[in-house]
Amino acid sequence: MKYRVIHETRYSYTESVSLCHTVAHLVPRDLPRQKLLRTHLTIDPMPSAYGEHLDIFGNTVSYFAVQLPHDHLVVRAASVVELNLRPKREGHPPFDRNASKAPPDSLESVRERLRDHRLPDFLDVRRFMLASPHVTLSADLAAYAAPSFTPGRSVPEALRDLMKRIHRDFEFVPGYTMVSTPLQEVLKHRKGVCQDFAHLAIGSLRSVGLAARYVSGYIETLPPPGKKKMRGADVSHAWYAVYVPGRGWLEYDPTNNQVPGCRHVTVAYGRDYSDVVPVKGVIFSSGLQQLVVSVDMERLDAEGKEADDAAV
Amino acid sequence: MWKADGSIRPHWQTYLDALQDMSCEEFHRRHTEVLLLLREDGSTYNIHGEEAGERWMGRFDPIPFILSQEDWRRIQEALRQRMRLLQSIFHDLYGPSTLLREGVLPLEIVYGHPGFLHSCFRKGESSAPPLAFCAFDVARSTDGRWRVLRHLAKAPSGLGYAVEIRTAMARVFPEIIRDCKAYRLSHFFRPLRTGLAGLLPDRGRDARIVILTPGPKAQTYFEHAYLSAYLGFPLVQGDDLTVRDAAVWLKSIDSLERVDVILRFVEDIRCDPLELLSSSGEGIPGLTEAVRRGNVALANPLGAGLLDGAALLAYLPEVCRHLLGEELLLPGPAAWWCGSPEARAGMLNRPECYQWTEMAPGGELQSVDGESMSPEDLSRLKGRLQTSPERFVAAERMAPASAPSLESGTLLPRPAILRLFAAMHGDGCLVMPGGIARHVDPGAAFLDNPSPVTGSKDLWVLATEPQKHTSLWLQPGRVEESLRAGSILTSRAADNLFWVGRYAERAEGLARLLRTVLRDDVRRALSEDRSEREYFHLLLKSLTHITGGFPGFVGPGGHASLAAPEEELLAVVADPGRPGSLAATLQAMIRAAYAVRERWSKDTWRVLDDLEVKGRSLSHTRTEGLRALQHDLDQLVTALMAFAGLGMESMIREQGWLLLDIGRRIERALQFIDLFQSLLVQRHDGDNVLEHLVLEAALVTTENIITYRRRYRSYLQLETVLELLLLDGTNPRSLGYQLQRLQEHVAGLPRERAGYRLDEDERAILEASSRIRLAAPKWLTEKSHPQKYIHLENTLKKVSDLLTSASDILSKTYFSHIQTPQQLAPAIIEQMP
């Protein structure tokens, strides 16, 4: 499945801004299940300095600065990606049955293998087991995850169950939380948005000793039957992935209670939201700002691709 | 000093012989002199009234700590190894990460440490920038072995204090230092400077180096200012710098100057609100990117704070073997990170046997000695060791050996820890042959942080050869560049200098007016004589106008205050909490002066220090002491005049001086206007006594009485008084004179001139000056209004408005802190299920 995604972030300022420094995570990743075909970042006004680098997680980071007085900033990222539902698994050697007495996918066995130095991608897994700026670890969070990990149940099964429970237990309430709302609050009030649900899942999984990472991306929304899809109706989205030795990173979207497949495009992943903020910046101004974000995610079929590609 | 058998260690011999030759009185005299020098430097001064320097240094001890050549060689070698080691660790952890991949270091103490900055990680080819300099705590343990206790890569403190102490010691004990052949510290600073400049090679010109300080509120601000003056690097705060085109620039009042190297005393995470701690609001947005592109070098590089983690100490010997293939020289006390289950098991049984360091989420380390903990604390510790062991580091308890310390006239053995400094220089490493020795409480354990320092002293490293003088001056051929660097005036410095000028002038004017008030018995307020009473009331009211201390003698309740003025007078003099009071004005002046500490000569700082002491003693004045205040005010005026004189006589007439003097002139003009408005505008027809008293007060307060008498003999009348006070451009104590100087000064400020048009501030001052020059005394004193000289009043009012607006325009143009950085609003990611 091929998609074109246009993610536009528009800031308007009441007073002139003399200088603005910005860091963006807007370039989708190349992954086994996702191929980045092309991507283009348009910035208005034209920045005086622009640069890209890879962060510690391998995401592409764009830095730019607008150095002349301006009253708006528009960052438009347009990308075409191809999703592949049956990726080849790489770098995950088959499980060695003699290594552990516990059943291969049991929690004990997974935890034990996570501690093993011979684990492939050792660092890139283990770093997602620690607390991070938005994700604390606690006994409460472990207790929330516990009912999913019943004895005898395999970890992938337990993970599906946890996703289902979060979907059932938590109410989607936009505006109830802020980026800085602590996890304990989310757990207590059981309300939030997709980013809170992802953080909550990550926190409880790390609290039981698993490796979990935050995934930032987009999801395609389908119009009600018979209606035409509206422009800008799609949104930025967030979910999480858990590492299971021998299987790799398994993804879960608790907001929609589904395993991300052909409707989820991944932009970046990190320990939590703070590592992969789509657009963040510092401006020099004494005025106020207004933010409008729109995302358009469009399927490109084999025939229509030429014309649509040209639009990117 | 003594060996176990009671004999004296040979390296102490020369020093002790020299002391023997000195009488007790002489030693005492010299001790006092050192203390005075340190005081005058202002190292113990702090704007919050706390003695920050004292907290860092403790009591100063004149007996040096003497290190023998052999000991020094051993320590030097160990510190060089540590520098290499720290360098390799830093490179590894922010790049290839073999220490983690191969399990030499647990992941938790690196990625779980708040000092690890994810955005400073180098993926791919480019490697992390080099570490530039570090401080080390070194001590001899009671078993006689030297130990390196810890290193400080994050904003290492003490270097400035070390230089300051040595400078004072060398002035007071020159012959002893020479006879002992103690190494000079300047051997270290020349290479330090070239080493720093070399951090960013191939500039094609001399590197511009600045010192970045958190500002006057920081505990160690003094030494940042001291180092800035000593090394000749401009002292800056975060908002003095800006990132443009992914490079760092210093904002001076007329241009942007490229910065190559930043000697940094600001904590890592507070350096860039864009990519590091966003909530801090401090720092330089975009700095991380400038570093990433190699356009600026930081000493130390961002992320170096990771190296200071206590848990790393537990793994140093192994890491040293792994990275350098060497055994760690002079290892510190054994330490264990409790996150590792093997280590934890042993600790849990006997927590009282260890020294505990806890890593708080903010990154601060708090250390406690297990032995000094109560049973409840111990059981709480055990509990926390079970729940979050990864936050604890246990270290072997070990006490530092003693060195002689002078306490109440006798030498006593006191445990001592040495603070030493090392810097990278090219591929090599240089250790400063000296430093500070700090005494700690007996029984204090090694890793205490903050160390309960009881005293500090100079550290002498004995050379075998007599020491020659090394100059810190640069080679000829580089003169132009360094001249340029020294004359850069940041807008922050400009702002502070302007306000030093204004506050100094305000304090002086106020002191003079108070003198005039207190010249008379304050009972005059109750005098039977109407004229006298009226005069005194006018004087008191002018005090309220000038200090802006309403209601004071003017507003509601003014009558009561006029009848019993003592209390209100006292507040105007002594209450530092009262805005506009003399005490508060002096405090504000010192604060502004302290913020540009590096710009004052030693003599000037001595006067400022004296003013600070005088200001503080003012606040102890009681009502019954008001009369005696005359004398204090005289002295205060003298000190303020000395400060003004130093400004006139020993400051170069560059932009800094210009702003200082603009501040002065604007303030003096505004004060004169306030004074004239309260004393001279009102008409006192038919009351000659009152009129004369008032005119005389105006002349005395503006220090014009002698000139007036000489010029006009004994004819006292408003017209001639105005001629002298307002119009006479040759009289430095006239309003006209201030305006003329201002006109010249503002013309000298850097500006982008569009044709022949004057800028707003110039126009305002030109208009003010012209209005005064065109005002004829006859016209000013026309009696066209029943109660007041209306032309005089209007003219003064207009000039005052013009000056105020000129002052505002100057602030906006040259002190550009108007636009504050703010974060872009984050997009909440909210997808509807």
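**Chain A and chain B: interface and local geometry**

Between chain B and chain A, 14 residue pairs are in polar contact, both residues being at pLDDT 80 or more; a polar contact is a pair of N or O atoms within 3.5 Å, where within protein one must be able to donate a hydrogen and the other to accept it, and residues adjacent in sequence count only if both atoms are side-chain atoms. The model is predicted, so local features need pLDDT of at least 70 and side-chain atom pairs count only at pLDDT 80 or more, while totals for chains, interfaces and linings use all residues. Residues are numbered from 1 along each chain as its sequence is written, chains are lettered from A in the order in which they are written, and side-chain values use heavy atoms, with hydrogens and water left out.

**Interface**

- On the side of chain B that touches chain A, the elements giving two or more residues include helix 5 (98-101), helix 6 (108-111) and strand 21 (821-823) of chain B, where helices (H or I, at least four residues) and strands (E, at least two) are DSSP runs numbered from the N terminus.
- Contact, meaning heavy atoms within 4.5 Å, links 40 residues of chain B with 58 residues of chain A.
- The two chains bury about 4500 Å² between them, 62% of it on carbon and sulfur atoms; this is the accessible area (1.4 Å probe) lost on being put together, summed over both.
- The rule finds 1 salt bridge across the interface, in which the side chains of Arg126(A) and Glu108(B) meet at 3.8 Å, N to O; the criterion is a side-chain nitrogen of Lys or Arg within 4 Å of a carboxyl oxygen of Asp or Glu.
- Strand 13 (residues 279-284) of chain A runs antiparallel to strand 21 of chain B and is joined to that strand by 3 bridges, with Val282(A) having Gln823(B) as its bridge partner; two strands pair if DSSP finds at least two bridges between them.

**A buried serine in chain B**

- Ser581(B), in the loop between helix 19 (566-574) and helix 20 (582-595) of chain B, is buried, with a relative accessible area of 1% (buried means under 20%, exposed over 50%, partly exposed in between; 1.4 Å probe, protein chains only).
- The side chain of Ser581(B) reaches the backbone oxygen of Asp575(B) at 2.6 Å.

**Backbone geometry**

- The peptide bond from Asp44(A) to Pro45(A) is cis, with omega near 0°.
- The peptide bond from Ala299(B) to Asn300(B) is also cis, with omega near 0°.
- Arg190(A), which is not a glycine, has a positive phi near 55° and is partly exposed at 31% relative accessible area.
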